[in-house]
Amino acid sequence: MEKLKYVGQSSVRIDGKEKVSGAALFTDDLEFGPDLLYAEIVEGPHAHAMINSIDTSEAENIPEVLCVVTGKDFPYNFGLYMKDRFIFAQDRVRFFGEQIAAVVARTPEAAKKAAKLVRVNYSPLPKVLSPVDAVKKDADLIHPDLKHYEHVPWFFPKPDSNIAHHRKIRKGDVEKGFAEADYVLDDTYEVPRYAHCAIEYHAAVAKYDHSGRLTVWASSQSPHTQRNLFASALAPMGITHNDVRVIAPHVGGGFGSKAGVTMEIIAAAIATKVKGHPVKVLWNREREFYNTYQRLGVTANLKVGVKKDGRITALHHELYWDAGAYVEYGANVVNAVGLSAIGPYRVDNASIDSYCVYTNLPPGGPYRGFGYSEFLFGLESHMERIARHLGIDPVEIRRRNAIKAGDLTAYGARMNPNGLQQAIDAVEKEIRWEKKLVSKDPDIAIGKGFSLFWKAPAMPPNTSSSCFLKFNEDASVNLLVSGMDIGQGFLTVMAQIAAEVLSVPVFKIRTENPDTDRNPYEWQTVASHVTWGCGNAVKLAAVDARNQILALVSRTHYFPVETLFLEDEQVKCMTRPDFSLPLKDFVIAGIQMEDGTFKGGPIIGRGVFMPEYASTKANPETSQGGHPNVHYTVGAAAAIIEIDRRTGKVKVKKIVEAVDCGKAINPDLVKGQITGGILQGISTVLYEEMKFDHRAKMLNPNFTDYKIPTSLDLPDEVVPIIIEVPEPDGPYGARGMGEHTMIPVAPMIANAIEDALGIRIRSMPITSEKICLAILDRQKND
Amino acid sequence: MKKISFSLNGEQRFVYITPNEILLDVLRYKMGTKSPKCGCDTGDCGACTILLNGKAVRSCLIFAVEVESQDIVTLEGISRDGLTPLQKALIEHNAFQCGYCAPGMILSATELINSNPHPGEEEIKEAISGNLCRCTGYQPVIDAIKHATKKH
Ligand code: FES
Ligand code: FES
C-alpha cells in the first residue's frame with residue numbers, strides 16, 4: 001500500500017484563520033458602492049389564487065423608487081429538473097408568500113414602503129394541502145400546464161393530475177415474496193416538512209452592466225448551475241452563458257437550501273431592468289423558512305414480509321410526497337427515494353411507488369439527506385418492530401439482511417464494495433448493545449435504539465467536475481475548482497489531495513470559492529459528491545502537473561522519466577540519491593540548459609471527471625436496466641436515551657455512529673460532519689416542528705418558535721467511528737459522507753423510545769407532548 | 001441625522017444616524033465593520049454579538065444612539081494584534097464549519113474567559129448558549145474553548 005503523507009491527516013482547515021479572525025466575507029459583506037439599489041419583494045397572501053390584476057402605479061410614485069417589476073416583465077419558466085417555476089408568479093399564486101412583484105429603490109426603506117403599495121387583486125382558489133388529497137380524482141389542479149413543462153427524460157409526470165413524477169420499482173416477484181413470508185408488517189409513517197435553518201440568509205447581488213454583462217454574487221452551493229439556469233431562463237432577453245458570471249463568496253451554511261436556483265434569479269432578472277446598477281436582494285429569516293426550499297413531507301405506506309429467521313422476502317413501499325407548489329428540484333428527491341427505498345438491505349422482491357405530489361405549500365427541495373432520512377424513519381422503525389415481533393435481536397435482523405457488495409440494488413445494478421457489516425459490528429460493540437440498562441429512578445426510562453443508513457448521490461448521469469492547477473514562483477499552488485466550501489471542509493480536502501500527489505505541504509496550496517469566469521466547471525455542491533467527484537478531478541490535475549514536471553526534468557537532465565519522483569517539494573531520482581531539484585527553481589521560470597536556453601515554462605495541470613458508467617436509461621415501468629446511482633455510502637448508528645415519564649422529555653445520553661467513507665481524507669473533518677449531522681438529526685426528531693394556519697401561512701418562521709438546538713441540548717456523548725472500505729473509483733478510495741450522518745438519528749431515537757416505554761410513535765417529530773399523550777393513552781387503555 | 005461618536009475597536013469613530021437605526025446595521029453598512037453578522041434580527045441567533053463595554057450583547061437589539069461615548073469591540077478588534085489563544089485553539093480543533101456563527105460565538109466566549117479564565121464545560125455551554133450554530137453540533141467549539149482555557 002502506498003504510504004500517504006497528507007491524505008488521511010487531520011490537517012487544520014485552510015479557511016480556519018479567515019473564519020476565526022473575521023476576515024471571511026459572505027455575500028452581504030461585500031461592498032458595491034453608493035450606486036447600489038435594493039429590492040423588496042411583494043408576496044401573495046393566498047396559498048392558491050388567480051391573480052386578476054396588479055396595480056403598481058402608487059408604488060412607482062414613491063420617491064427613490066426606480067421601478068416595479070412583475071411576472072409580466074419575465075414570462076419565463078425555469079427549473080433544474082423540470083421547468084415548472086417562475087421568476088415572479090404569472091397568472092396564479094401557488095403558496096402563501098410567493099413572490100408577485102419587486103420594487104427596486106435607492107434605499108431599503110423606500111423599497112419596503114413602496115412594496116406595501118402594490119395593489120394586487122386575487123380570486124382565491126381551493127387549496128390542496130396534503131399529498132393524499134392532491135392525488136384524489138377530483139382534486140383541484142395546481143399546475144394545469146404540467147403536460148407542457150420541459151423535464152429531464154427520467155421524470156414521468158401524469159398530465160391533468162397533481163402528480164409531477166412517479167418513480168416505480170418492480171423487482172422480482174413481490175406477490176410470491178409476500179406469500180412466502182411467515183410474518184408481514186404493514187403500516188404507515190408520517191414525516192412532516194422541515195427547514196434548513198442555515199444561519200446566513202440567502203443573499204444575491206446582480207449587476208447588468210452597460211456592455212450587457214450580467215454578474216451575480218450569491219450565497220450559493222451551485223455557481224455553475226446558477227449560471228446555466230439564469231442564462232437559459234433569460235435567453236429570450238438575449239442573455240447567453242457567455243454574458244453571465246456568478247461569483248460565490250463564503251457561504252454561511254447550505255444544507256441543500258442554497259442549491260439550484262431559488263431567490264437568486266430574482267436578483268438576476270431585475271438587474272436587467274436597472275441596467276448599470278448593482279441591485280441587492282436580501283432574504284430575511286421569515287423568508288428563509290417559507291420561500292427558499294423546505295424539506296419535503298411524506299406519507300409512507302410500508303409493507304415488509306419476512307421469514308421466521310428475519311430474512312426479508314418482499315417489500316412494498318408507497319410514498320406520497322408533499323412536494324409543494326413547485327417541484328423543479330424536489331421531484332428528484334422523490335426520484336432518488338424511488339430508486340433506493342429498500343434501504344441498505346438485500347431485497348429480491350421489491351416494489352416501490354414514489355409519487356411527487358404538488359400541494360399549495362412552499363416548494364419542496366433538496367435538504368441534507370435528500371429523502372433518505374424521511375423513508376428510513378419508516379423502514380428502520382419497521383425493521384425494529386419486526387425483530388421484536390419475531391424475538392430476534394434488532395441488530396441481528398439487520399446483519400442478516402444487510403446488503404453486500406455485488407448484491408443487486410432495487411434497480412438491478414450491483415452494490416458497490418462497502419463496510420456495512422463492519423459498521424454494524426463496531427457500533428454494536430461501542431454501545432454495548434447486549435447490556436440491558438435499567439434506571440434506578442422509577443420516573444426515568446432508559447432505552448436503546450439502532451439504525452442502519454445508506455444514501456447515494458442523486459445526480460444526472462453526466463454530472464462532472466473539473467480542476468485547473470497552477471504553480472507559483474515559490475512552488476505554492478493555486479487550485480481552481482468550482483465546488484463550494486459550505487462548511488464541510490471541501491477546500492481543505494481538495495488541497496490535501498493535491499498536496500499528496502505533488503508532495504507540497506497543504507498550507508502552500510490555496511483554493512477558494514469560485515467565480516464561474518475563472519474556475520472550471522462543477523455541477524453543484526450537493527449530493528455529498530464533491531470529495532469524490534471533484535476530488536477525482538483535482539487528483540487528475542495534480543497527476544497531470546506532476547507528469548509535466550517529471551517529463552521536463554527527464555528532458556533536461558536525461559534521467560529516464562520512470563526513475564523520477566516528487567518528494568518534499570523537490571524532484572528526486574531513484575537511481576541517483578544525490579540528485580534533487582527544488583520545484584521552486586523551475587515551475588514558473590523553466591530550466592536553463594548549458595547553451596543558455598530555457599525549457600519548460602509555467603506548470604499548469606488540468607483534470608476532468610465524469611462517471612462514464614452512469615445511466616438513467618431504464619424501463620420506466622420497473623426502473624430495471626440503468627445505473628442511475630454511482631455508489632452508496634452506508635453506515636450504522638445506535639443511541640441510548642433517557643425519558644422522563646412525567647414530562648416525556650428525552651435526554652440523549654450517548655450516540656455512536658459508524659460511517660464508511662471509503663477513505664477519510666481528513667478524519668477530523670469527517671468527525672465534524674458526524675457531530676454536526678447527529679445534532680441536526682436530533683433536532684428534526686425531538687424539536688423542530690412547522691405550524692401552518694388555515695390559510696397555509698407558516699406560523700412560526702423564526703427561531704423563537706421553531707426551535708433548533710443550542711449548546712445546552714447536546715447528547716452527553718457522541719462517538720464517531722470511521723470505516724474505510726475503499727470506493728474503487730474514489731480519490732484514494734474516498735466517497736461522500738456529509739449528508740449521511742443525520743439520516744439514522746430519527747429512527748434510532750424512535751426505536752430507543754419503544755425500547756424504553758414500549759410505545760411506538762410513527763410520526764415525526766417525537767415531541768415531549770406526543771410522548772406524554774402516548775403514555776396517557778396507554779394508561780387509559782390498560 | 002444625529003452625530004454620535006464612540007470607540008470602535010480602540011479607535012474613536014463618529015457616524016451620522018437617525019434615531020431608529022439599529023447598531024448592527026450601522027456597524028456593517030455605515031462603518032465597514034463586517035464581522036458582526038445578521039442571522040435573525042430578533043435576538044435569537046447571536047450572530048450579531050459584539051462586546052459593549054466588555055459585555056457580550058446582541059447588536060441587532062440595540063439602537064445605535066444608545067452607544068454614544070461607549071466602547072465597542074468586534075472580532076476585527078480582537079484579531080488586530082495577532083490571534084488570541086482562543087482563536088488559535090478554534091483553528092487547531094477545526095471548530096467551525098461555515099464560520100458564520102464564529103464572530104458572535106468568539107465574542108461570547110471571550111467575555112466568558114475575561115471574567116472566568118478557566119471555565120468548566122457547563123459554564124462554557126452556558127456562555128455560548130445564545131449563539132446558534134447549525135453546522136458543528138457545538139462540541140468541537142466547546143472542546144476548543146476548553147483547550148484554550150485549561151489550567152497548565
Ligand atoms: S441577528 Fe442578532 S441575534 Fe440574530
Ligand atoms: S459553523 Fe456554520 S453556523 Fe456555526
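This is a predicted model: local features need pLDDT of at least 70, side-chain atom pairs count only at pLDDT 80 or more; totals for chains, interfaces and linings use all residues.

User: Which strand holds A:Ser465, and is A:Ser465 buried or exposed?

Analyst: A:Ser465 is found in strand E19, which covers residues 465-471 of chain A. Its relative accessibility is 2%, and since buried means under 20%, A:Ser465 in strand E19 counts as buried.

User: Which backbone nitrogen does the side chain of A:Ser465 reach?

Analyst: Leaving aside residues up to four places away in sequence, A:Ser465 touches several residues, among them A:Tyr521, A:His529, A:Gly533, A:Ala537 and A:Phe609. A:Cys534 is also one of the residues touched, and here the side chain of A:Ser465 comes to 3.4 Å from a backbone nitrogen, that of A:Cys534.

User: Where is A:Ala541 found, and what separates its C-alpha atom from that of A:Lys455?

Analyst: A:Ala541 is found in helix H14, residues 530-557 of chain A, and at 0% relative accessibility it counts as buried. Its contacts, not counting residues up to four places away in sequence, include A:Cys467, A:Leu469 and A:Gly607. A:Lys455 is 86 residues from A:Ala541 along the chain, and the separation of their C-alpha atoms is 28 Å.

User: How many aromatic pairs does the structure hold, and why is the pair of A:Phe289 and A:Tyr706 edge-to-face?

Analyst: Over all chains, the structure holds 21 aromatic pairs. In the pair of A:Phe289 and A:Tyr706, the ring centres are 4.9 Å apart and the planes stand at 70 degrees. Planes over 60 degrees apart count as edge-to-face, so the 70 degrees between these two rings make the pair edge-to-face.

User: How many residues apart in sequence are the parts that the pair of A:Phe289 and A:Tyr706 ties together?

Analyst: A:Phe289 lies in helix H8 (residues 285-290) of chain A, whereas A:Tyr706 lies in the loop between helix H15 (667-687) and strand E30 (717-723) of chain A. Both residues are buried, and the parts that their pair ties together are apart in sequence by 417 residues.

User: Over the ring of which residue does the charged end of A:Lys303 sit?

Analyst: A charge sits over a ring only if it is within 6 Å of the ring centre and within 35 degrees of the ring normal. The charged end of A:Lys303 is 4.4 Å from the centre of the ring in question, which belongs to A:Phe178.

User: What area is buried between chain A and chain B?

Analyst: The contact takes 50 residues from chain A and 43 residues from chain B. Carbon and sulfur atoms give 58% of the area buried between the two chains, which is about 3,700 Å².

User: How many salt bridges are found across the interface of chain A and chain B, and which element gives the most to the side of chain A that touches chain B?

Analyst: The rule finds 5 salt bridges across this interface, and the side chains of B:Arg28 and A:Asp28 meet in a salt bridge at 3.1 Å, N to O. The elements that give two or more residues to the side of chain A that touches chain B are helix H1 (16-21), strand E14 (278-282) and H15 of chain A. The most, 9 residues, comes from H15(A).

Terms used. Residues are numbered from 1 along each chain as its sequence is written. Chains are lettered from A and ligands numbered from 1 in the order in which they are written. Side-chain values use heavy atoms; hydrogens and water are left out. Rings of Phe, Tyr and Trp (its six-membered ring) pair if their centres lie within 6.5 Å; planes under 30 degrees apart count as stacked, over 60 as edge-to-face and the rest as tilted. Helices (H or I, at least four residues) and strands (E, at least two) are DSSP runs, numbered from the N terminus. Buried means under 20% relative accessible area, exposed over 50%, partly exposed in between (1.4 Å probe, protein chains only). Contact means heavy atoms within 4.5 Å. Buried area is the accessible area (1.4 Å probe) that two parts lose on being put together, summed over both. A salt bridge is a side-chain nitrogen of Lys or Arg within 4 Å of a carboxyl oxygen of Asp or Glu. A polar contact is a pair of N or O atoms within 3.5 Å; within protein, one must be able to donate a hydrogen and the other to accept it, and residues adjacent in sequence count only if both atoms are side-chain atoms.
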